[in-house]
Amino acid sequence: MRFDILTLFPGMFSSPLRESILGKAIEKGLIQIQTVNIRDFALDKHQVVDDTPYGGGQGMVMKVEPIARSIEWVKSQDPSVWTIYLTPQGKQFNQEIALTLSSKSHLILLCGRYEGVDERVRELFIDEEISIGDYVLTGGELGAMVLIDAVSRLLPGVLGSDRSAEEDSFFNSLLEYPQYTRPFDFRGSSVPEVLLSGNHSAISLWRRKEALKRTLARRPDLLAKANLSNEEKKLLEEILHSNDDCGLRNADDEQILKKIRRTQTDKGEDGV
Ligand code: 4FV
């Protein structure tokens, strides 16, 4: 998979993407990352890439021409490239979007700066707008790095075994179960016995139950849209009726519970 990153600060990408798993993926040729300096496509003597906003107002806006030329330069090499603009006005990035993008072969990631880009860039060149979160960064570069990391690790051969991506949080939109490793006891806190039992069905049952409890307690919204197996629904039932109420007893939690029950019922023959 190829990523062309359009930015005014290509140096930001020198080290973060060269370490560890992504660095190896680049070495193995599983991903190609090219930074394109938008300023190289500003043809005036001072290579101006921004200007004051029409209608007044604070800050500067990125000019359309340098961005247009840089996108068209990449498209001249591959017209099928999919062009993404990282912006707080985009749809919220999540695992589902990462999975969809991982099926594409070539992405342009446009990183905004200042107050953002001239609106004609959107009208004429952008296929998809993505936000990494409801907060304002100084630039889209960190968003581009987040996207490259989340998408690349889903590509065959990037992670040690592709299976591990299937056990991700959010893979089946549940949060991950608690993880433990040596030492068995740390300052009086020890590892749940079941994990040392060697009884794999008991271990996976414990892990599924813990994932459900953690999701119920921290992200009940995810449960409402999860595709739970009938066994998971039964586990959720046990959790909901056990005295371990996962701290879910105030009013809107009840609403979420009703929603979880409703959606799970609609989804399965014998709902919770
Ligand atoms: C952003 C985000 C983000 C907005 C103004 C760059 C900044 C500046 N990008 N997800 N949140 N971008 O804050 O992707 O141009």
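In helix α5, the residues E141, G143, A144, M145, L147, I148, A150, V151 and S152 are buried (buried means under 20% relative accessible area, exposed over 50% and partly exposed in between, with a 1.4 Å probe and protein chains only). Nine of the twelve residues of α5 are buried, so this helix is largely enclosed by the rest of the structure. The model is a predicted one, in which local features need pLDDT of at least 70 and side-chain atom pairs count only at pLDDT 80 or more, while totals for chains, interfaces and linings use all residues. Residues are numbered from 1 along each chain as its sequence is written, and side-chain values use heavy atoms, leaving out hydrogens and water.

**The whole chain**

- The secondary structure comes to ten helices and nine strands; helices (H or I, at least four residues) and strands (E, at least two) are DSSP runs, numbered from the N terminus.
- Of the chain's 272 residues, 43% count as buried.
- Now for contacts, meaning heavy atoms within 4.5 Å: of those in the chain with a separation of 6 or more, 73% are between residues 24 or more positions apart.

**Two helices to look at**

- You can check the length of helix α5 (residues 141-152) yourself: at 1.5 Å a residue, its twelve residues should span 16 Å, and its end C-alpha atoms are 16 Å apart, which agrees. The expected span of a helix is 1.5 Å times one less than its number of residues.
- Helix α2 (residues 64-77) passes the same kind of check, because its 14 residues should span 20 Å at 1.5 Å a residue and its end C-alpha atoms are 20 Å apart.
- The buried residues in α2 are V64, P66, I67, A68, S70, I71 and V74.
- Those buried residues of α2 pack against the strands β1 (2-7), β2 (32-37), β4 (61-62), β5 and β6 (106-111), and also against helix α4 (119-125).

- T83 sits in strand β5 (residues 82-92).
- With a relative accessible area of 0%, T83 is buried.
- Leaving aside residues up to four places away in sequence, T83 touches I71, K75, I108, F125, I126, D127 and E128.

**Salt bridges**

- Side chains of opposite charge can pair when their charged atoms come close. A salt bridge is a side-chain nitrogen of Lys or Arg within 4 Å of a carboxyl oxygen of Asp or Glu.
- Searching the whole structure turns up eleven salt bridges.
- One of them joins R122 to E129, with the closest N and O atoms 2.6 Å apart. R122 counts as buried at 14% relative accessibility, whereas E129 is partly exposed at 21%.
- R122 and E129 also belong to a network of salt bridges that links them with E119.
- The side chains of E210 and K213 meet in another salt bridge, at 3.1 Å from N to O. These two residues are three apart in helix α7 (residues 200-218), which means that about one helical turn separates them.
- E210 counts as buried at 17% relative accessibility, while K213 counts as partly exposed at 22%.
- D221 forms a salt bridge with R219, where the closest N and O atoms are 2.8 Å apart. D221 is partly exposed, with a relative accessible area of 37%, and R219 is partly exposed too, at 31%.

**Around the ligand**

- The ligand is surrounded by 16 residues, and the closest are Y114, I132, G133, Y135 and L137 (a residue is near a molecule or strand if one of its heavy atoms lies within 4 Å of it).
- Strands β5 and β7 (128-131) each supply at least two residues of the shell around the ligand. β5 gives the most, with three residues.
- An oxygen atom of the ligand lies 3.5 Å from a backbone N or O atom of T87.
- A backbone N or O atom of R113 is 3.2 Å from an oxygen atom of the ligand.
- A polar backbone atom of Y135 lies 3.0 Å from a nitrogen atom of the ligand.
- On its own the ligand has 370 Å² of accessible area, and the protein covers 94% of it.

Terms used
A polar contact is a pair of N or O atoms within 3.5 Å; within protein, one must be able to donate a hydrogen and the other to accept it, and residues adjacent in sequence count only if both atoms are side-chain atoms. Accessible areas come from the Shrake-Rupley method with a 1.4 Å probe; for residues, only the protein chains shown count as cover.
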